[in-house]
Amino acid sequence: MAKVKGDVIIDIDVCKGCLLCVDVCPTKTLAPGTKVNQKGYIYVVKVNDDCTGCTNCSTICPDAAITVYREKINK
Amino acid sequence: MNDTLHLAENLVYKRPKTLINVAMHYCPGCGHSTTHKILCEVIDELNIQSEVIGVAPVGCSVIAYDYLNIDMQEAAHGRASAVATGIKRVLPEKLVFSYQGDGDLAAIGTAETLHTCNRGENILIIFINNAIYGMTGGQMAPTTLENMKSTTTPFGRNVRKMGYPIKMTDLVATLPGTYYVTRQSVHTPANVRKTKAAIKKAFEYQRLDRGTCFIEVVSNCPSNWKMTPVDSNKWLVENMLPFYSLGDLKVPSKEEN
């Protein structure tokens, strides 16, 4: 069965920590981090490898801070 | 983590190239930035970066030209649609849009907006409605809801004293000059995709020279509503959407396409 594997890369300089992506992520891959960026916002980090590359986060992200990859893996 | 995942062929989303790679000044979670982003995605997908001319308003999005890598012109407060009219008439082969907030379009610019739509100028008007004056600190706007608190209506908007919230989109939909009038929002991924499709359609109609396209985007204002971005989107669903109901108000009939 083909399985989907995804990954998100967050641009920490652009992220403003609005957490809209955390709210819409179906796999709870994104969570608020503990560090602040140069603008003083607590940016979002990736906390697990369950990402399916659904692009919900990148669609809702107001600052286009998220790059998404998706690959089909045949098992 | 496997190594083939980050190949270019597996890339499903990246920042649109028309959106200049700087941190925008908007507050976290603001609908303005989402709308900028999808506008840039549409420009990238239609490959019209060199053909588009935008008109920036006065309001939160006053420096939109610092973020969109296209030709842009700043207009006086409320006059963006009038300036866009001029640009479109001089350069009819270009795709012209104005990007305006509710204080700009529905208050000081009501006359310009209505007459632009009434003349059926072949432009796209993007109207961001967050029911408040965001840039100046959260004063009541014409679109502020009944009983909604703002800095100038601390006890809620009293419609007997301050009038009723104005539905600009419903107003312009009644005018014969408009071709495509819709109200969308950007509070969920599905709605963002719908708004993007609407903007794309509007640019395509503009190429066909059919009349004014008017897209209202119901947006949040977390800072002036004094909520977190996630809460502000919930408030938007509970309070804004029952009054400003989403959907197409005027769509071209099938024969016309």
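**A buried loop serine and its surroundings**

Mentor: Apart from neighbours within four places in sequence, S219(B) is in contact with G31(B), H32(B), I128(B), N129(B), N130(B) and V186(B); contact requires C-beta atoms, placed from the backbone, within 7 Å of each other. The model is predicted, and local features need pLDDT of at least 70 while side-chain atom pairs count only at pLDDT 80 or more, whereas totals for chains, interfaces and linings use all residues. Residues are numbered from 1 along each chain as its sequence is written, and chains are lettered from A and ligands numbered from 1 in the order in which they are written.

S219(B) lies in the loop that links β7 (212–218) to α8 (222–225) of chain B. Here helices (H or I, at least four residues) and strands (E, at least two) are DSSP runs, numbered from the N terminus. Because 28 C-beta neighbours fall inside 10 Å, S219(B) counts as buried; the class needs 20 or more other C-beta atoms within 10 Å, with 12 or fewer counting as exposed and values in between as partly exposed. Between S219(B) and G101(B) there are 118 residues of sequence separation, yet the C-alpha to C-alpha distance is 9.9 Å.

Helix packing in chain B comes next. Helix α1 (residues 31–46) of chain B packs on helix α7 (residues 189–207) of chain B at about 50°, with the axes 9 Å apart. Axes are lines fitted to C-alpha atoms, for helices over the stretch in contact, and angles run from 0 to 180 degrees between N-to-C directions. This makes α1(B) oblique to α7(B), since angles under 35 degrees are roughly parallel, over 145 roughly antiparallel, 65 to 115 roughly perpendicular and the rest oblique. On the α1(B) side T34(B), I38(B), L39(B), E41(B), V42(B) and L46(B) take part, and on the α7(B) side V192(B), T195(B), K196(B), I199(B), K200(B) and F203(B). This contact comprises 7 nonpolar, 2 polar and 3 charged residues, where Ala, Val, Leu, Ile, Met, Phe, Trp, Tyr, Cys and Pro are nonpolar, Asp, Glu, Lys and Arg charged, and the others, Gly among them, polar.

Helix α2 (residues 80–90) of chain B meets helix α4 (residues 110–119) of chain B at about 40°, with axes 7 Å apart. The pair α2(B) and α4(B) is therefore likewise described as oblique. Here S81(B), A82(B) and T85(B) of α2(B) face E112(B), T113(B) and T116(B) of α4(B); the contact holds 1 nonpolar, 4 polar and 1 charged residue. In α2(B), A80(B), S81(B), V83(B), A84(B), T85(B), I87(B) and K88(B) are buried. Their cover includes β2 (52–56), β3 (71–74), β4 (95–101), α3 (102–108), α4 and β5 (124–129) of chain B.

Finally, the chain boundary. 25 residues of chain B are in contact with 27 residues of chain A. The elements of chain B that contribute two or more residues to its side are β1 (11–13), α1, α7 and α9 (229–243); by class, this side has 15 nonpolar, 6 polar and 4 charged residues. Strand β4 (residues 66–74) of chain A and β1(B) run antiparallel and are joined by 2 bridges, pairing being defined by at least two DSSP bridges. Within β1(B), L11(B) is the bridge partner of Y69(A).

Definitions and conventions:
Two residues are in contact if their C-beta atoms, placed from the backbone, lie within 7 Å.
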